[in-house]
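Dear colleague,

Please find the structure below, with the sequence alongside. My notes on what was found in it follow.

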Amino acid sequence: MNDPTLRRPIGSRLRFWALAILLIIIYIWAFRWMQFEGLQGTAKSVSVAILDGFLHPDWSFVYIPEGEDLLRGLLDTLVISVLGTFVSAFVCLPFAFWASSNMSRLRPLSGSGKFVLSVIRVFPEMIVAILFIKAVGPGSFAGVLALGIHSIGMLAKLFSETIESVDHGPQEALIACGANRWQVIFFAVLPQVIPQFLSYSLYRFEINIRSATTLGLVGAGGIGTPLLFALQMRNWNRVGVILLGIVVLIILTDLVSGWLRKRIV
């Protein structure tokens with residue numbers, strides 16, 4: 001009975017049931033204070049209307065020669081995400097080197113860079129878009145700025161981690177030959193990290209194109225603007241065709257981006 005091999009399964013089972021009971025208590029406590037007043041009287045009719053709109057999309061909205069349509073909205077969304085990713089991929093480079101611990105002899109210096117990147121990542125794209133709309137007005141330009149600034153936080157974090165994992169051999173060889181700091185960065189660090197930088201930028205582009213579809217809900221351009229109008233007017237047929245277009249756009253960009261990342265890395 002004193003064999004530890006016999007006590008270990010019993011201890012693991014006790015931990016499992018203790019954790020399960022704790023989770024059950026938390027769920028009971030959480031649902032107890034939820035205020036649920038039942039379904040609305042129109043819930044059934046609205047649900048049927050939404051489902052009918054999704055099953056019968058408004059195909060006439062795909063292309064309208066004299067006005068805004070689905071294709072123009074998707075193209076606007078694509079351009080916003082491309083430009084936003086392009087801006088962030090270049091602007092985040094100094095932040096990435098700032099936050100890299102192996103690029104500075106002072107630990108507080110790289111720590112302050114990591115802190116700044118954490119602060120940038122705190123604000124969602126929607127909040128940043130609203131701020132830029134107040135500054136430059138509604139439209140696609142505000143969407144580009146919102147995606148570009150917001151993406152700096154995550155891209156620079158990934159870039160800095162890539163810089164910290166580089167092989168130090170080429171740097172030491174150049175330093176031994178008398179190279180200065182900029183020469184070490186350009187000829188020893190960047191050749192190692194550029195393929196991974198491009199891969200991360202393409203991955204961020206996939207995320208940005210999803211974010212760009214919702215920025216129009218606050219007036220930052222893209223397909224989100226006609227989607228908001230269709231939702232407000234309860235035009236579920238148009239909502240269905242817009243969501244279908246968004247799905248097709250995201251699938252195509254994911255396929256292209258995934259193929260490019262495999263070719264790069």
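In these notes a residue is called buried when its relative accessible area is under 20%, exposed when that area is over 50%, and partly exposed in between (1.4 Å probe, protein chains only). Please note that this is a predicted model, in which local features need pLDDT of at least 70, side-chain atom pairs count only at pLDDT 80 or more, and totals for chains, interfaces and linings use all residues. Residues are numbered from 1 along each chain as its sequence is written, and side-chain values use heavy atoms, with hydrogens and water left out.

Overall architecture

The protein chain has ten helices and zero strands; helices are DSSP runs of H or I with at least four residues, strands are runs of E with at least two, and both are numbered from the N terminus. The radius of gyration is 26 Å, well over the 18 Å that the globule rule gives for 265 residues, so the protein chain is more spread out than a compact globule. That radius is taken over C-alpha atoms, and the rule is 2.2 Å times the number of residues to the power 0.38. Along its principal axes, the C-alpha trace spans about 75 × 75 × 35 Å.

Of the 265 residues, 34% count as buried. With contact defined as heavy atoms within 4.5 Å, residues 24 or more positions apart account for 74% of the contacts that have a separation of 6 or more. The protein chain exposes about 16800 Å², and carbon and sulfur atoms supply 71% of this area; accessible areas come from the Shrake-Rupley method with a 1.4 Å probe, and for residues only the protein chains shown count as cover.

Aromatic pairs

The whole structure contains five aromatic pairs. Rings of Phe, Tyr and Trp (its six-membered ring) pair if their centres lie within 6.5 Å; planes under 30 degrees apart count as stacked, over 60 as edge-to-face, and the rest as tilted. One of the pairs is formed by Phe 95 and Trp 98, which are tilted, at 6.2 Å centre to centre and with 40° between the planes. Both residues lie in helix H3 (residues 70-99), three residues apart, about one turn of the helix. Phe 95 is partly exposed because its relative accessible area is 22%, and Trp 98 is partly exposed at 31%.

Phe 159 and Phe 197 form a stacked pair, at 3.9 Å centre to centre and with 15° between the planes. This pair links distant parts of the chain, 38 residues apart: Phe 159 is in helix H6 (residues 140-164) and Phe 197 in helix H8 (residues 181-215). Phe 159 counts as buried because its relative accessibility is 1%; Phe 197 is likewise buried, at 7%.

Individual residues

Which residues does Ser 88 contact, leaving aside its neighbours within four places in sequence? They are Gly 148, Ser 151, Ile 152 and Leu 155. Ser 88 belongs to helix H3 and is buried, with a relative accessibility of 0%.

Gly 111 sits in helix H4 (residues 107-122) and is partly exposed, at 34%. From Gly 111 to Ile 127 there are 16 residues in sequence and 26 Å in space, C-alpha to C-alpha.

Arg 234 has a positive phi of about 55°, although it is not a glycine. Arg 234 is found in the loop between helix H9 (224-232) and helix H10 (236-264), and it counts as exposed because its relative accessibility is 60%.

Yours sincerely
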